[in-house]
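Here is a walk through one protein model, from the whole chain down to single side chains. Keep the 3D view open as you read.

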Amino acid sequence: MSNIPSNSVDALLFDLGGVVIEIDFDRVFSHWALHSNQNHEIIKSRFAFDSFYERHERGEIEASEYFASLRKSMGINITDEEFIAGWNSIYVGEITGVSTLLSNVRKKLPIYAFTNSNLTHQLVWSKKFEHILNLFRDVFVSSEIGKRKPEPAAFNTIASEIGVKL
């Protein structure tokens, strides 16, 4: 950080999943497999980051509609509660050392986070990782702004919100 000219960076924008918070989709698939009496690998192979997934992350559809699409595309019949429990098992923990890094960086530059996420997940990670989320000036969530990464409009919205030019 000390070798970056102070006028070249206005702010830093971090992703949450895989950067600040360790996630593991295999935990999700294992939970769903257990409750649907299916093989983990079959569940994993049937899961897709499809248009329903993206719409859910933009806040365009509710969790119940997304789970209905998963029942159909994955050929499983589990309850919304079982989907939610599996869905929220994705969080492993804070990535080692990241809170120290963020604490140091925020002394020099404003830091923000942007995550592709949905309300079901947000209700969990916002509480479970509150200590680290408080290091950010703001956390932008795709389901709240109606845009997701890597859509340029998402970054334009955030840049406008924090007062920087892209």
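This is a predicted model: local features need pLDDT of at least 70, side-chain atom pairs count only at pLDDT 80 or more; totals for chains, interfaces and linings use all residues.

Start with the overall build. The protein has 166 residues, and 40% of them count as buried. Its secondary structure comes to ten helices and five strands. Along the principal axes, the C-alpha atoms fill a box of roughly 55 × 30 × 25 Å. Now look at how the chain meets itself. Take the contacts with a separation of 6 or more: 71% of them are between residues 24 or more positions apart.

Next, turn to one pair of helices. Helix 4 covers residues 63-74, and helix 5 covers residues 80-87. Their axes come within 10 Å and cross at roughly 95 degrees. Angles of 65 to 115 degrees count as roughly perpendicular, so helix 4 and helix 5 are roughly perpendicular to each other. Which residues meet here? Helix 4 brings Ser64, Tyr66, Phe67, Leu70 and Arg71. Helix 5 brings Asp80, Phe83, Ile84 and Trp87. By type, the residues of this contact divide into six nonpolar, one polar and two charged.

Now the charged side chains. A search of the whole structure finds nine salt bridges. Arginine 58 is buried, at 17%, because buried means under 20%.

Glutamate 54 also forms a salt bridge with arginine 148, again at 3.6 Å from N to O. Where do these two residues lie? Glutamate 54 is in helix 3 (residues 51-57), while arginine 148 is in the loop between helix 9 (142-145) and helix 10 (152-162). The pair therefore ties together parts that are 94 residues apart in sequence. Arginine 148 counts as buried, with 10% relative accessibility.

Arginine 58 has a further partner, glutamate 60. The closest N and O atoms of that salt bridge are 3.8 Å apart. Glutamate 60 is partly exposed, with a relative accessible area of 45%. Salt bridges that share partners join Glu54, Arg55, Glu57, Arg58, Glu60, Arg148 and Glu151 into one network.

Key:
Residues are numbered from 1 along each chain as its sequence is written. Side-chain values use heavy atoms; hydrogens and water are left out. Axes are lines fitted to C-alpha atoms, for helices over the stretch in contact, and angles run from 0 to 180 degrees between N-to-C directions. Helices (H or I, at least four residues) and strands (E, at least two) are DSSP runs, numbered from the N terminus. Angles under 35 degrees count as roughly parallel, over 145 as roughly antiparallel, 65 to 115 as roughly perpendicular and the rest as oblique. Contact means heavy atoms within 4.5 Å. Ala, Val, Leu, Ile, Met, Phe, Trp, Tyr, Cys and Pro count as nonpolar, Asp, Glu, Lys and Arg as charged, and the others, Gly among them, as polar. Buried means under 20% relative accessible area, exposed over 50%, partly exposed in between (1.4 Å probe, protein chains only). A salt bridge is a side-chain nitrogen of Lys or Arg within 4 Å of a carboxyl oxygen of Asp or Glu.
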